[in-house]
Number of protein chains: 2
Amino acid sequence: MKALLIIDMQQGSFTPMFLRYNAEAVIEKINKLTEEFREAWMPVIFIQHDGSAQGEFRPFTQEWELLPELVRMPNDIIIGKTANDAFYETSLDSILKEHDVDELVITGCATDFCVDATVKGALSRDYQITVIKDGHTTANRPHITGLLAVDYFNMLWENMVPTRGQIKVESCREFLAENFSRVS
Amino acid sequence: MKALLIIDMQQGSFTPMFLRYNAEAVIEKINKLTEEFREAWMPVIFIQHDGSAQGEFRPFTQEWELLPELVRMPNDIIIGKTANDAFYETSLDSILKEHDVDELVITGCATDFCVDATVKGALSRDYQITVIKDGHTTANRPHITGLLAVDYFNMLWENMVPTRGQIKVESCREFLAENFSRVS
């Protein structure tokens, strides 16, 4: 069984002060993916960062809330986390096992922090992983633009040594075409 | 108790075809650190990648061997690994616990593969971590030079959300001055 992870797509990470590369297109792709996963009765899991210990992204503040542009449905699962790695002291692993999930499809923000930490956490837990290469984003960094950072991490993930799981990096279009027959 | 990790400083990763940024200086710093750790009776742990499953870095081949420039001593610990994350299906965690290690000092290669995966594995296991910012290296990538990749990952690690552990990023000189009084 596959599950879709949408990591930290929260209002405080998408502000005019903190532009994310290609944010609108990433949101649109996530909405396409969630629609297909729900249609196929596969879990849609939003990860939501709680940064209380650092004095930011406190639960129920505006910055903590998920982006209003994301389509959400009552059966979606929401899991709070306090570290970069969404597996750290959360119920993610047990919820995935409950749903017989062995394949994770990963999207979200930020590529070089929580997305990467969660991809690596999933690989060390032997999950099959598909990262949607145009479904995650980050900001410009002093060393690299947001655009190049997305490409760089896509390359890194694609070249990681497999565990019992393995990482595939695919575009949203490729992933949908392979997995959902009604999408041509 | 602190332990020093030296990740994948193997001959096959340092060839004329595959130049690593600042390799000689990194080796020199690692040799300084191992000397101080041994002097203080703190564990020196070499991690050595076994890529048999991918048909490379097979045990006892030349590319698998550690670099001859590294000073080694009989009491050093050597741990083989098969994934990027040195904690994956290895005895690293149990050996650290046996030695009452709660702080890892991390060096090695490559910054953006095994060093990063191991730093993240250690953080999710609540270790205190110091990455030696001039004690790890990688190659030029299509998206970023080796020099900038080293700086970029130093910035990323420094800004990760703490678990019960936390990441510090320090130069070899800073680390030695803080931790070994005979180094001025």
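Glu89(A) is exposed, with a relative accessible area of 54%; the term exposed denotes over 50% relative accessible area, buried under 20%, and partly exposed the range in between (1.4 Å probe, protein chains only). The model is predicted, local features requiring pLDDT of at least 70 and side-chain atom pairs pLDDT 80 or more, whereas totals for chains, interfaces and linings use all residues. Side-chain values rest on heavy atoms, without hydrogens and water, and residues are numbered from 1 along each chain as its sequence is written, with chains lettered from A in the order in which they are written.

Glu89(A) forms a salt bridge with Arg164(B), the closest N and O atoms being 2.6 Å apart. A salt bridge here is a side-chain nitrogen of Lys or Arg within 4 Å of a carboxyl oxygen of Asp or Glu. Arg164(B) also counts as exposed, at 56% relative accessibility. Between chain A and chain B the count is 4 salt bridges. Salt bridges with shared partners also join Asp116(A), Lys120(A), Asp116(B) and Lys120(B) into one network.

How much area is buried between chain A and chain B? The value is about 2,700 Å², of which carbon and sulfur atoms give 63%; buried area is the accessible area (1.4 Å probe) that two parts lose on being put together, summed over both. Tyr88(A), His143(A) and Tyr152(A) supply 25% of the area that chain A buries against chain B, more than any other three residues. The contact (heavy atoms within 4.5 Å) takes 33 residues from chain A and 33 residues from chain B.

Chain A can be laid on chain B by a turn of 180 degrees and a shift of 0.0 Å along the axis, with an RMSD of 0.0 Å, the superposition being by least squares on the C-alpha atoms of residues with pLDDT of at least 70 in both. That is the relation of a two-fold axis. The same surface serves both copies, as 100% of the contact residues of chain A recur in chain B.

Within chain A, Asp76(A) forms a salt bridge with Arg38(A), the closest N and O atoms being 2.9 Å apart. Asp76(A) lies in the loop between β2 (44–49) and β3 (77–81) and Arg38(A) in helix α1, so the pair ties together parts that are 38 residues apart in sequence. Helices (H or I, at least four residues) and strands (E, at least two) are DSSP runs, numbered from the N terminus. Both Asp76(A) and Arg38(A) are buried.
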